[in-house]
Amino acid sequence: MSRSGLIATKVGNSSHYDSNGMVTHVTVLKVEDCIVSNVKTLDKHGYNAIQLASIDTKKNINKINKPQRKNFSQIKISPKKILKEFRVDDKNILELGTKL
C-alpha cells in the first residue's frame, strides 16, 4: 500500500538521549504546508500519483510556465518552489487542493 510523501527541508543534526542515557543521532527537518497540486489517475495517465507543491517562491506568476501556472491558479495558491510527484494506490488518492 503506497501512501503520499512529504516535502521537507533539512535544518540540521542533533542527538536525542533516552531515559537509559543511550544516544540516538537524529536529523531535524522542517515541514511546511504541502498542497496537492495535481492528481494523476490510472484511467487518464496510466498510473496513480499525486503531485505535491511546497515552499513559497518569490517568482512572479507571469515568470512560471503555463502548465504549472494553470495548476496553481486552479487551486488558488501562490507559486511554489518545489513540485514532487508521489505514486500512490487508488485508495490513497487525495483531492486537489488538500493540505498535508
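Trainee: Why is Lys-40 called buried?

Mentor: Good place to start! This is a predicted model, and in it Lys-40 has a relative accessible area of 19%. Buried means under 20%, so Lys-40 counts as buried.

Trainee: What makes Lys-40 and Glu-85 a salt bridge?

Mentor: Their side chains meet at 3.2 Å, N to O. The cut-off is within 4 Å, so the pair qualifies. Lys-40 sits in strand E3 and Glu-85 in strand E5, 45 residues apart, so the pair links distant parts of the chain.

Trainee: Why is Glu-85 called partly exposed?

Mentor: Its relative accessible area is 35%. Partly exposed lies between the 20% limit for buried and the 50% limit for exposed, so Glu-85 is partly exposed.

Trainee: How do you know that Asp-56 and Lys-80 meet in a salt bridge?

Mentor: The N to O distance is 2.5 Å, and the rule asks for within 4 Å.

Trainee: What makes E3 and E5 edge strands?

Mentor: The open sheet has 3 strands in the order E3-E4-E5, with antiparallel pairing. E3 (35-40) and E5 (80-87) each have a single partner strand, so one side of each is left without a neighbour in the sheet.

Trainee: How do you know that E4 pairs with E5?

Mentor: Pairing takes at least two bridges, and 7 bridges join E4 (residues 49-56) to E5. The two strands therefore count as paired.

Methods
Residues numbered from 1 in each chain as written. Predicted model: local features only at pLDDT ≥ 70, side-chain atom pairs only at ≥ 80, totals over all residues. Heavy atoms only, no water. Helix = DSSP H or I, 4+ residues; strand = E, 2+ residues; numbered from the N terminus. Buried < 20%, exposed > 50% of the residue type's maximum accessible area, 1.4 Å probe, protein only.
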